[in-house]
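Please keep the sequence and the structure in view while reading.

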Amino acid sequence: MNEIVENQKAYLLSCWLPSGTFRLAPKNNQINPYFTNLALIALVRMQEWDCVRSHIEWYLHHVNADGYVNDYRLEGTLEVDTGKADSEDSYHTTLFSLLAEMMRANEETAWVEPYKDELIVLMQAVARLQQKDGLTWAKRSYRVKYLMDNCEVAKGFADAAHVFSMLGCDEAAEEANRRAAACRAGIQSMYSALRKSYAVYDRSYPGWRKWYPDVTSQAFPILYQMARPDEDVLLYEKITKAFPHFDTFQTGDLYPWMAMGECARLMGDWRRVDSMLTTAAELYIFGPRSPYWLIHESGRFVELSLFSRPL
């Protein structure tokens, strides 16, 4: 497995652009800051500090006048602002989670100090999306409260509290902690004991024959540890009953969804973890589905590979 981890480390680093951020794949012309935030946690684990730091700085330098970050498109070496982003809540909060992982792994914080004000702007931007029930809209222009996004938001606010605490911004840390708690409570309010599932968004509950977003969304309270005790077991039972062969990518979706492997790992389902890693290599990394293998999938693959199976 070490050889393939090195292969994927090289794959990730081949997507690193001179500007400091990453493209979605070596020959892909898209820059998606959200997927990059997720992908680079694997490089934090491998102590590749410089490229992670360069992306974080790129991100902070690309916050627009409204306080958010858009996707970009490569035209040759020029990075063109698309004027759009898939979400406004998850982009910033996954950036906080990446930064927190970086600061936990490498306690050198002097380079972050000059960005305190920019980081507070990010928190305030997500705060504007947070409603009285603690949940965030995906975007100002798209007032839908997604389970997936809010799991990332709750963790991101908690990670922001850690970042601000390390930077000595006590007031900002307290606010981030309050917002994290409110979001977590909002997520728990999305759970239906009768349906034994969470709403996919607002009050719309999953159809268990639909992989994305219905079934995949139910993994997120497990992934981000938002589920109450025993809810995760019930959720995982329903996921594996609905799609028992997700580990070999028999879902009807060409994208691999390596996040589901992390869900399996957290549930102690090492058979599916091993199967997913093996099949991902055969089908995506070296196989016919390679066009669907993007940096965040590679990052999840590396993270899963780095975890040793318990004795």
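The side chains of Glu88 and Arg140 form a salt bridge, with 2.9 Å from N to O. Glu88 belongs to the loop between β3 (78-81) and α5 (89-105), and Arg140 to the loop between α6 (116-127) and α7 (147-166), so this pair ties together parts that are 52 residues apart in sequence. The model is a predicted one, and it holds 17 salt bridges.

**Accessibility of the Glu88 and Arg140 pair**

- Glu88 counts as buried because its relative accessibility is 11%, which is to be judged against the limit of under 20% for a buried residue.
- Arg140 counts as partly exposed, since its relative accessibility is 38%.

**The Arg45 and Glu303 pair**

- A salt bridge also joins the side chains of Arg45 and Glu303, at 3.3 Å from N to O.
- Arg45 is part of helix α3 (residues 41-45) and Glu303 is part of helix α14, so the bridge ties together parts that are 258 residues apart in sequence.
- Arg45 is partly exposed, at 38% relative accessibility, whereas Glu303 is buried, with a relative accessible area of 11%.
- Arg45 and Glu303 belong to a network of salt bridges that also links Glu101, Arg104, Lys155 and Asp159.

**The Asp269 and Arg272 pair**

- The side chains of Asp269 and Arg272 meet in a salt bridge of 2.8 Å, N to O.
- Both Asp269 and Arg272 are buried.

**Packing of helices α12 and α13**

- Helix α12 (residues 259-266) packs with α13 at an angle of about 155°, and the two axes are 8 Å apart.
- This angle makes α12 roughly antiparallel to α13, because angles over 145 degrees are counted in that way.
- The crossing of these two helices, α12 and α13, is left-handed.
- On the α12 side, the contact is made by Met260, Gly261, Ala264 and Arg265.
- On the α13 side, the contact is made by Trp270, Arg272, Val273 and Met276.

- Arg289 lies in the loop between α13 (270-285) and α14 (295-306).
- Leaving aside residues up to four places away in sequence, Arg289 touches Phe249, Asp253, Leu254, Leu283 and Tyr284.

Terms used:
Residues numbered from 1 in each chain as written. Predicted model: local features only at pLDDT ≥ 70, side-chain atom pairs only at ≥ 80, totals over all residues. Heavy atoms only, no water. Helix = DSSP H or I, 4+ residues; strand = E, 2+ residues; numbered from the N terminus. Contact = heavy atoms within 4.5 Å. Axes fitted to C-alpha atoms, helices over the stretch in contact; angles between N-to-C directions. Parallel < 35°, antiparallel > 145°, perpendicular 65-115°, else oblique. Left-handed = near helix turned anticlockwise from the far one by under 90°. Salt bridge = Lys/Arg side-chain N within 4 Å of Asp/Glu carboxyl O. Buried < 20%, exposed > 50% of the residue type's maximum accessible area, 1.4 Å probe, protein only.
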